[in-house]
Amino acid sequence: MKVQFKDLFIDGQFVPSKSGRTFATTNPATGQHLADLAEAGVEDVDAAVAAARKAFEGGAWPKMHARERGKLLIRIAERLMARADEVATLETLDNGKPIFESRQIDIPSSADVLFYYGGWADKLTGSTLPLTPDAFQFTLREPVGVVGAITPWNFPLLLAVWKIAPALASGCTVVLKPASLTPLSCLAFGDVCREAGLPPGVLNIVPGPGGTAGQRLIEHPGVDKIAFTGSVEVGKRVAAACAPGLKRLTLELGGKSPNVVFADGDLEAAARGALSGIFYGKGEVCAAGSRLLVEASAHDALVQTIAEKAKKMVAGDPLNPKTRLGSLVSEEQRRSVMGYVEKAQAEGATLVAGGHPTAVNGAGAFHEATIFDGVTPEMTIAREEIFGPVLSVLTFRDEAEAAAIGNATVYGLAAGVWTRDVSKAHRMARVLKAGTVWINTYNFYDPALPFGGFKQSGFGRELGAAALEQYTEQKSVWLKL
Ligand code: NAD
């Protein structure tokens, strides 16, 4: 497939970078060069912010009826679905994820988020507060302004849309800096928005290095709010850079989520949930159930089942619709995963499935579906986010120990619980410190359900009505009668 959109998307136009600099993007499943793309530098980010500011302050966007804004989001969703094959293919080529996931999950989910917030645009209200007879007190809800969105490479379009849709529904304008490894789907999305009639400057897209383009976006005085998804390490730097100007900030960061299986659960379903919890998205998923906590009496049978099934999960060509395990996003990411596998063995964990890099048609950054048993909470693979297809199995004796091990992490993004005891399920949902708890399922999302982290998994929430709070300011008005 020929890559069509290679330039920056600024003020409704595809334009080369001012410096003329480009960077290459490659297909991690083949190692083949995909395209040379315009690389945003500081001056391009400045131009994008200026376009977003102009669109926020004047022109069609602030004059538009809120319902028209909503209809526009819905039109973008419809155009995206009409071009779903094209955008999904770009996503798979750039990221290495199976086309099954891009075409059946990422793109339709992105459209759903746009449909959902399209419905919200004309329902954002303030309130009236009857306080004193001599005055009229009420609140206004206003867009926060120009939003700088910075996104990672694992769900390139979906996580961008998680930010763009509520921002636009609220009347904000956006400058998006996608991850340098995977900018293709976002650039195509710029064209989808243009085709749907989004006014110039409302969405601008500037792929480029985090250290320059990203850094300029967070430090730019013309940006009112930063919405960041990425690693804890960079998230902390982003928070520090936002501090001097007290820029509004939401952070969606990493995870080391516990998937807790009690012996009274449906163990067949739990085995499926354990595998999809870690191997969906090649484990490059912030909410991956990367720690499987199993009650001692269920341990042997469950580990045997998942090890057998994992061994049958053979990596395949991501463009083949039957493939369920794709390529990691880059050779560098695979090296990082291999480093964790070595460390796990050195620290005494028992390898029960996978453990090796692999290839498809002799190439690619593929890695086997890997399971370590006998992991203890102190081991590196129980503590650090691997962001790859590596599952750590730990054992617990009772509910209290499950909760203690589950919470023994700096992260708090998600958790899973498998049990037929409804009271135990509720108790665990309360005690686990995580932004999302799945009971008898894993990895389900809906645009209406807020998503975000406790502890170092971040702060603020995306999706749901909660996200609209992050893109609006409340103003109290006191009118003396
Ligand atoms: P990363 O933190 O390296 O990069 C994220 C984005 O930040 C990229 O666009 C990058 O270019 C940019 N960036 C890097 N340095 C920057 C700087 N100094 N200033 C501004 N921007 C900068 O993360 P990644 O490797 O792309 O993605 C993987 C991480 O993202 C994992 O830790 C994962 O858990 C996390 N993640 C979290 C969620 C969530 O919703 N909580 C979702 C997906 C991924």
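Two strands pair if DSSP finds at least two bridges between them. The legends below describe a predicted model.

**View 1. The pairing of β5 with β6.** β5 and strand β6 (residues 135-143) are joined by two bridges and run antiparallel. Thr128 sits across from Phe138 of β6. Both strands belong to an open sheet of three strands, ordered β5-β6-β22, with antiparallel pairing. β5 (128-129) and β22 (472-480) are its edge strands, and each pairs on one side only. Strands of a sheet pair through backbone hydrogen bonds, either parallel or antiparallel.

**View 2. The hairpin of β3 and β4.** Strand β3 (residues 22-26) and strand β4 (residues 33-38) are antiparallel, with five bridges between them. Thr22 faces Ala38 of β4 across the pair. Six residues lie between the two strands of this hairpin, and Gly31 takes a positive phi near 80°.

**View 3. The buried face of helix α8.** Four residues of α8 (residues 210-219) are buried: Ala213, Gly214, Leu217 and Ile218. Down the axis of α8, these buried residues fall within an arc of 130°, so they line one face of the helix. An α-helix has 3.6 residues a turn, so residues three or four places apart point the same way.

**View 4. Ser170 in its loop.** Ser170 lies in the loop that runs between α6 (156-169) and β8. Is Ser170 buried or exposed? Its relative accessible area is 4%, so Ser170 is buried, the cut-off for buried being under 20%. Leaving aside residues up to four places away in sequence, Ser170 touches Arg69, Leu124, Pro143, Leu468, Tyr471 and Thr472.

View 5. The ligand has 27 residues around it; Thr151, Ser231, Leu253, Cys286 and Glu385 come nearest. Which distances separate oxygen atoms of the ligand from polar side-chain atoms of Glu385 and Trp153? For Glu385 the distance is 2.6 Å. For Trp153 it is 2.9 Å. Gly230 contributes a polar backbone atom, 3.3 Å from an oxygen atom of the ligand. Taken alone, the ligand exposes 840 Å², and the protein buries 90% of that.

Definitions and conventions:
Residues numbered from 1 in each chain as written. Predicted model: local features only at pLDDT ≥ 70, side-chain atom pairs only at ≥ 80, totals over all residues. Heavy atoms only, no water. Buried < 20%, exposed > 50% of the residue type's maximum accessible area, 1.4 Å probe, protein only. Arc of directions from axis to C-beta. Near = heavy atom within 4 Å. Polar contact = N/O pair within 3.5 Å; in protein donor to acceptor, adjacent residues only side chain to side chain. Areas by Shrake-Rupley, 256 points an atom, 1.4 Å probe, with all protein chains shown as cover. Contact = heavy atoms within 4.5 Å.
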